[in-house]
Amino acid sequence: EEQLLEVLSDVGPAISLGRPGEQLPYLGAHRIYVPDADWQDVILQWVKVARLVVLRVGDSAGVSWELETIPSLVTPERLVLIVPKSEVSNLNKYVTKLVGRTVQLEIKARVPLFHQSLAALVSFGSGWEPRAISFRMPVMIFDLVRPYRPMYQFAFQSIFERLGVPWNRPHFNWIHLGVVLAILSIMAMPVMLDLLVFLYRRTHG
């Protein structure tokens, strides 16, 4: 979440509701805590003024209410759904509920270079036509500190452009590539030494 919100910070500051009773808030959006009886009113106020509404889909009563309520309060380009891997099989159910008609979206399987819990995002055209964009790691971008950031930057490119938000292309990080190559070289040294010893023994009997 932290790296995703770093990308979204170009749109504006991110806020979300905190879970009642959580001892340690997750890193990422600034969390607001309100009484259980007030959370829906708070969400409605935020949605009306937000430049972009990002909703992580899931099987809960709260998300179900948001899917039914939010579309009447925002224009399509201001809403994005985030799809965890665990909810890919339920994606069409969620989007059908949101747009009010049957949809058939397909998320292409990707082989991640790092472990990732999020599979894709869904954005919408002017008539609420859904479009699924799979999260995938760019092969030629090395970022050891924030490995997911380039992935989110590319996925949100078209959304930023529609909102008129400047989009910054991720840059190739030669320093991080050098670190990776150095680590691989160190890991390969024992194998190379064993090979040299083997060749020497064969050559000298």
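R56 stands opposite I82 in β4. This contact point belongs to a predicted model, in which local features need pLDDT of at least 70 and side-chain atom pairs count only at pLDDT 80 or more, while totals for chains, interfaces and linings use all residues. Residues are numbered from 1 along each chain as its sequence is written, and side-chain values use heavy atoms, with hydrogens and water left out.

β3 and strand β4 (residues 79–84) pair in the parallel sense, over four bridges. Pairing here requires at least two bridges found by DSSP between two strands. Helices (H or I, at least four residues) and strands (E, at least two) are DSSP runs, numbered from the N terminus.

The open sheet has four strands, in the order β3-β4-β5-β6, with mixed pairing. Its edges are β3 (53–56) and β6 (130–134), each of which pairs on one side only. Neighbouring strands of the sheet are turned by 25 degrees against each other on average, direction ignored. Axes are lines fitted to C-alpha atoms, for helices over the stretch in contact; angles run from 0 to 180 degrees between N-to-C directions.

## The β5-β6 hairpin

β5 and β6 pair in the antiparallel sense, over five bridges. V122 stands opposite A132 in β6. The two strands β5 and β6 form a hairpin with five residues between them. In the turn, W128 has a positive phi of about 65 degrees.

## Helix α4 across the sheet

Helix α4 (residues 91–99) lies across β4, β5 (118–124) and β6. It runs at about 20 degrees to β5. L91, Y94, V95, L98 and V99 are buried in α4. Seen down the axis of α4, these buried residues fall within an arc of 115 degrees, so they line one face of the helix. The arc is that of the directions from the helix axis to the C-beta atoms. Buried means under 20% relative accessible area, exposed over 50%, and partly exposed in between (1.4 Å probe, protein chains only).

The cover over the buried residues of α4 includes α3, β4, β5 and β6. Contact means heavy atoms within 4.5 Å. G100 follows α4 and has a positive phi, near 80 degrees.

The buried residues of α2 are V42, I43 and V47. Down the axis of α2, they fall within an arc of 130 degrees, so they line one face of the helix. Q45, K48 and V49 are exposed on the other side of α2. The buried residues of α2 pack against β1 (15–17), β3 and α3.

Helix α3 (residues 61–69) buries V63, W65, E66, L67 and T69. Their cover includes α2 (39–49), β3, β4 and α4.

## Aromatic pairs

The structure holds five aromatic pairs. One of them joins F154 and W167. This pair is tilted, with 5.8 Å centre to centre and 55 degrees between the planes. The pair links distant parts of the chain: F154 sits in helix α5 (residues 149–155), W167 in the loop between α6 (157–163) and α7 (174–203), 13 residues apart. Rings of Phe, Tyr and Trp (its six-membered ring) pair if their centres lie within 6.5 Å; planes under 30 degrees apart count as stacked, over 60 as edge-to-face and the rest as tilted.

The two partners differ in class. F154 counts as partly exposed, because its relative accessibility is 31%. W167 is buried, because its relative accessible area is 19%.

R136 lies in the loop between β6 and α5. At 48% relative accessibility, R136 counts as partly exposed. R136 and Y148 are 12 residues apart along the chain, and their C-alpha atoms are separated by 9.0 Å.

## The chain as a whole

The secondary structure comes to seven helices and six strands. Along the sequence, the pattern is α-β-β-α-β-α-β-α-β-β-α-α-α. Of the 205 residues of the chain, 37% count as buried. Among contacts between residues at least 6 apart in sequence, 64% join residues at least 24 apart.

The accessible surface of the chain comes to about 12,900 Å². Carbon and sulfur atoms account for 58% of this surface. Accessible areas come from the Shrake-Rupley method with a 1.4 Å probe; for residues, only the protein chains shown count as cover.
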